[in-house]
Amino acid sequence: IKRRDRPDGIAFLLRHYPQLSDIQIVKLLGTTKNTIAKVKNKQHWNTLNIKPRDPVTIGLCSQTDLNAALHEASSASVSVPQE
């Protein structure tokens, strides 16, 4: 796994799966909340070269882990009815 691939994976997840929390992205890609914030705000030192790439394809996480995080995110977004 190359460190320089992580911002590409972060950009991909932010674009395609906005329901994922920063904490879920941290766990999936082994990155930091600070790096995620910099990619989001286009303040990353390498912003011009970041190309959103599927983190599964580039080996940053498994499809199983990504699916589990997406399932967790979708069930967390379901609101609990009030009594």
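**Helix packing in a predicted model**

H2 and H3 are roughly perpendicular to each other, because angles of 65 to 115 degrees count as such and their axes cross at roughly 110 degrees. The model shown in these views is predicted.

**View 1. Crossing of helix H2 with helix H3 (residues 33-40)**. The axes of H2 and H3 come within 9 Å. The crossing of this pair is right-handed. On the H2 side the contact is made by Asp22, Ile23, Ile25 and Val26, and on the H3 side by Lys33, Ile36 and Lys40. Sorted by class, the contact of H2 with H3 has four nonpolar and three charged residues, with no polar residue.

**View 2. Crossing of helix H1 (residues 6-16) with helix H2 (residues 22-29)**. The two axes come within 11 Å and cross at roughly 140 degrees. That angle makes H1 oblique to H2. The crossing of H1 and H2 is right-handed.

**View 3. Residues in the contact of H1 with H2**. H1 contributes Arg6, Gly9, Ile10, Leu13 and Leu14. From H2 come Ile25, Leu28 and Leu29. By class, six residues of this contact are nonpolar, one is polar and one is charged.

**View 4. Ile25 of H2 in both contacts**. Ile25 is listed in the contact of H2 with H1, and Ile25 is also listed in the contact of H2 with H3. Leu28 and Leu29 of H2 take part in the contact with H1, while Asp22, Ile23 and Val26 of H2 take part in the contact with H3.

How values were computed
Residues numbered from 1 in each chain as written. Predicted model: local features only at pLDDT ≥ 70, side-chain atom pairs only at ≥ 80, totals over all residues. Heavy atoms only, no water. Axes fitted to C-alpha atoms, helices over the stretch in contact; angles between N-to-C directions. Helix = DSSP H or I, 4+ residues; strand = E, 2+ residues; numbered from the N terminus. Parallel < 35°, antiparallel > 145°, perpendicular 65-115°, else oblique. Left-handed = near helix turned anticlockwise from the far one by under 90°. Contact = heavy atoms within 4.5 Å. Nonpolar A, V, L, I, M, F, W, Y, C, P; charged D, E, K, R; others polar.
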